[in-house]
Amino acid sequence: MIFAINEINKNPEMLSGVRIGYKIYNSCGVMDILRAALALVSGLKTEVSDDNCTKTETVQAIIGHSGSSPTIAFAQVIGRFQIPVISHFATCACLSNRGEYPTFFRTIPSDFYQSKALAKLVKYFGWTWVGAVAVNNEYGLDGIAAFIQAAQDYGVCIEYSVAFSSSDPPNVLQKIVQIIKHSTSKVIIAFLSHREIKLLASELYKENITGLQWIGSDAWITDPSLTDSEGYTILLGSLGFTVAKARIPGLEEHLRQLHPSQFPESEFVRDFWEDVFDCSLNKTANTQKQPCTGFESLQTVSSQFTDVSELRFTKNVYKSVYAVAHALDNFIKCDDVRRPLSDASCYNTKHVQPWQVLQYLNFVNFTTVDGERVYFDKNGDSPARYELFNLQITNKGTMEGKTVGIFDASLQDDNQFIMNNISVVWGNGLTEVPVSDCSNKCLPGSYKVLQKGKPICCHDCIPCPAGEISNLTESPQCMECPPEFWSNKQRDACILKSIEFLAYDEILGILLAILSLLGIFLTLITTLIFYKHKETPLVRANNSELSFLLLFSLTLCFLCSLTFIGRPTEWSCMLRHTAFGITFVLSISCVLGKTIVVLIAFRATLPGSNVMKWFGPAQQRISVLALTLIQVLICILWLSLSPPFPFMNLLLYEDRIILQCSLGTAVGFCAVLGYIGLLAILCFVFAFLARKLPDNFNEAKFITFSMLIFCTVWITFIPAYVSSPGKFTDAVEIFAILASSYGLLFCIFLPKCYIILLKPEQNTKKNMMGKGT
């Protein structure tokens with residue numbers, strides 16, 4: 001402060017013709033500080049002896065105090081006298097209350113910004129579960145309250161919040177130690193002074209409580225005396241914000257010029273001088289030391305006092321003095337720009353009043369020699385800019401802080417906190433960022449469910465249900481996959497659903513295809529046998545023309561079953577149902593024709609019968625063609641109005657898509673099946689009526705059996721088709737086609753092939769006429 005005042009007094013561009021004087025009170029304790037403040041208010045005594053100095057009745061500004069509690073104690077008193085108070089180290093956010101502290105200013109940022117910076121620091125490293133310890137005064141309680149508020153905005157939970165002071169009974173500290181010992185959080189926010197943190201670290205060291213990551217406030221994080229305390233290793237790796245390092249040109253030279261003769265009444269100067277030079281300034285004070293010669297000098301001595309490499313809070317004192325000087329300078333120059341009342345006349349510069357300096361302080365705005373801008377906001381706070389401090393062990397075994405990042409509140413919110421490239425030392429010797437969560441993070445594939453009765457940071461991780469995913473860590477809910485997608489096994493990504501249809505490369509498809517090809521093969525063999533023996537009485541007696549047509553239609557029936565296997569397309573969907581309907585009608589028409597021929601043939605053998613001429617070969621061909629043409633017309637009408645088409649069934653199964661053919665309209669399909677059923681019933685009735693005809697002529701028994709099988713198969717097909725899911729509907733339809741086709745083939749042609757191949761002696765005209773034995 002003295003250096004800054006001397007520098008200002010020597011500057012011809014500032015306070016022209018006016019010099020600044022000072023009065024220093026160096027008493028400890030709140031009561032002594034209050035006495036000093038009241039003494040300043042009461043008026044200056046005769047200590048000012050410079051003849052060129054015009055003595056003022058009261059002081060124009062007070063620089064100090066360094067502590068928040070003492071400042072709170074006297075700032076309210078001083079404020080009633082409109083005397084500005086400028087502190088370099090009182091950080092309590094409560095001092096920003098202009099209603100209670102109308103004359104308070106500070107060149108150190110408020111704890112409001114420090115609390116916000118600490119909350120951002122905690123969020124940056126992913127800590128969501130922390131403890132909080134504060135000193136039991138306004139500084140600690142307000143600071144921790146501001147931190148808790150800021151932390152909650154970032155989703156950080158506080159496991160516990162406790163406070164104590166160095167004057168509390170031992171059991172209070174012991175209780176706090178036990179709370180820390182049994183807590184699950186590994187990060188502790190400590191809004192303490194250097195006295196409380198030393199006490200707490202010592203007790204934790206005695207209890208062997210390690211593995212904690214400390215986040216400290218600026219009141220202790222840069223204190224060089226921490227290494228002197230027991231258990232200081234507990235604090236190794238601590239992180240905290242402090243004001244930025246600064247440079248004050250010329251200060252070191254000023255400090256090295258210190259001599260006891262300048263401050264003969266100062267106990268601090270006397271003790272410091274005797275310690276550095278190991279001599280005694282007063283012969284009667286310390287007889288064990290040699291008396292000082294008076295030629296001792298700090299010019300060649302290295303000490304902490306002359307070390308200006310780590311100036312932090314010292315710069316705030318420098319800025320405080322210059323703020324008052326600039327306010328006085330603007331007042332004396334009657335600066336219209338910075339004058340509080342632009343329409344008012346200039347004040348009398350020979351009688352400066354504290355309230356006048358106070359008004360001009362609100363508009364102070366200047367830049368220091370090292371480029372730092374100084375101004376005050378409406379609450380008397382200065383811009384918030386911090387350095388992130390990390391306590392590390394040096395090569396000498398002492399604990400020293402290193403700057404590992406910065407926080408600048410004047411930047412945009414996302415860019416306020418910046419880490420540099422210096423490696424951070426973590427608590428308990430950890431090489432990686434420690435973890436402090438109430439619950440394990442919910443990985444992708446799960447979502448958070450809050451635990452009842454616990455803070456929001458405590459949760460359970462529940463796996464996403466099938467069909468839903470979460471691809472973010474700590475996801476609050478799962479997202480449902482689109483209709484054509486399904487969740488993978490990890491439930492962290494949606495993948496395309498597998499498309500399922502009755503394919504040739506699966507067991508069911510292969511088996512049905514083999515049965516279809518076997519039916520075609522057996523039909524062709526039967527056709528070959530009949531063709532080779534077409535001139536035999538058995539073949540000729542059973543209407544060979546209709547038999548060959550029936551075998552051809554059965555071949556088509558077996559072939560059309562193959563259209564139901566494979567990936568459905570627009571053409572295959574239309575072909576499979578229409579081909580099935582037409583070929584089956586052709587088959588039933590042939591069977592119906594054979595049944596009618598049997599009945600008519602029997603009637604024709606009766607005397608006077610003339611029936612056969614009404615159902616000769618030409619009439620048989622026309623009837624088969626006409627009956628088949630009706631089915632063709634039904635199919636054409638079906639395809640014209642609402643044809644079958646392929647579609648993806650997304651509703652049947654959740655995890656896969658069923659690719660199948662839609663009927664287009666159920667009416668068309670029912671018409672096709674109904675017409676086939678009608679012909680089958682007619683055929684069955686006619687065959688049943690002819691069942692008792694003589695065996696030699698009787699093909700009706702076999703047709704009856706075939707129609708019985710046919711009708712049974714298709715009657716059971718309907719409920720099976722309706723209830724079968726997905727590709728099994730196609731399998732059921734194929735099975736019905738194959739079963740009815742095999743029924744017709746075996747019941748009608750197998751007995752004839754048996755006689756032709758194994759009983760050729762029965763294949764004679766005499767036997768056909770019933771004259772054989």
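# A guided tour of a predicted model

Among contacts in the protein chain between residues at least 6 apart in sequence, 66% join residues at least 24 apart; a contact means heavy atoms within 4.5 Å. This is a predicted model, in which local features need pLDDT of at least 70 and side-chain atom pairs count only at pLDDT 80 or more, while totals for chains, interfaces and linings use all residues. Residues are numbered from 1 along each chain as its sequence is written, and side-chain values use heavy atoms, with hydrogens and water left out.

## The whole chain

Begin with the protein chain in cartoon view. Its secondary structure comes to 20 helices and 24 strands. Helices (H or I, at least four residues) and strands (E, at least two) are DSSP runs, numbered from the N terminus.

Next, colour by pLDDT, the predictor's confidence in each residue, from 0 to 100. The chain has a mean pLDDT of 84, and 90% of its residues reach 70 or more. Which element has the lowest mean pLDDT? Select helix H20 (residues 765-768), where the mean is 66. Strand E3 has the highest, at 95.

Of the 773 residues of the chain, 47% count as buried. Buried means under 20% relative accessible area, exposed means over 50%, and partly exposed is in between (1.4 Å probe, protein chains only).

## Salt bridges

A salt bridge is a side-chain nitrogen of Lys or Arg within 4 Å of a carboxyl oxygen of Asp or Glu. How many salt bridges does a search of the whole structure find? It finds 18.

Select Asp381 and Arg106. They form a salt bridge, with the closest N and O atoms 2.8 Å apart. Asp381 lies in the loop between strand E12 (373-375) and strand E13 (385-393), and Arg106 in strand E3 (residues 104-106), so the pair ties together parts that are 275 residues apart in sequence. Are these two residues buried or exposed? Asp381 is buried, with a relative accessible area of 4%, and Arg106 is buried at 0%.

Move to helix H7 (residues 194-206), which holds both Glu203 and Lys206. The two are three residues apart, about one turn of the helix, and their side chains meet in a salt bridge (3.7 Å, N to O). Glu203 is buried at 16% relative accessible area, whereas Lys206 is exposed at 53%.

Then select helix H8 (residues 251-256). Here Arg256 and Glu252 are four residues apart, about one turn of the helix, and a salt bridge joins their side chains (3.2 Å, N to O). Arg256 is buried, with a relative accessible area of 14%, and Glu252 is partly exposed, with 30%.

For the last stop of this kind, select Lys245, Glu310, Arg312 and Glu387 together. These residues are linked in a network of salt bridges.

Select Phe263, in the loop between H8 and H9. Phe263 is partly exposed, at 28% relative accessibility. Which residues does Phe263 touch, not counting residues up to four places away in sequence? They are Ile2, Leu258 and Val269.

## Backbone stops

Most residues other than glycine have a negative phi, and most peptide bonds are trans. The next three places depart from this.

- Select Gly64 and His65: the peptide bond from Gly64 to His65 is cis, with omega near 0°. His65 sits in the loop between strand E1 (62-63) and helix H3 (68-79).
- Select Asp278: this residue is not a glycine, yet has a positive phi of about 50°. Asp278 is in the loop between helix H9 (267-277) and strand E9 (279-280), and is exposed at 53% relative accessibility.
- Select Glu474: its phi is positive, about 60°, although it is not a glycine. Glu474 is in the loop between strand E18 (468-469) and strand E19 (479-480), and is partly exposed with a relative accessible area of 23%.

## Two packed helices

Finish with helix H12 (residues 507-532) and helix H14 (residues 544-560), which pack at an angle of about 165° with their axes 8 Å apart. That makes H12 roughly antiparallel to H14. Axes are lines fitted to C-alpha atoms, for helices over the stretch in contact, and angles run from 0 to 180 degrees between N-to-C directions. Angles under 35 degrees count as roughly parallel, over 145 as roughly antiparallel, 65 to 115 as roughly perpendicular and the rest as oblique.

Show side chains to see where the helices meet. Residues of H12 in this contact include Ser516, Gly519, Ile520 and Phe530. Those of H14 include Ser547, Phe548, Leu551 and Leu559.
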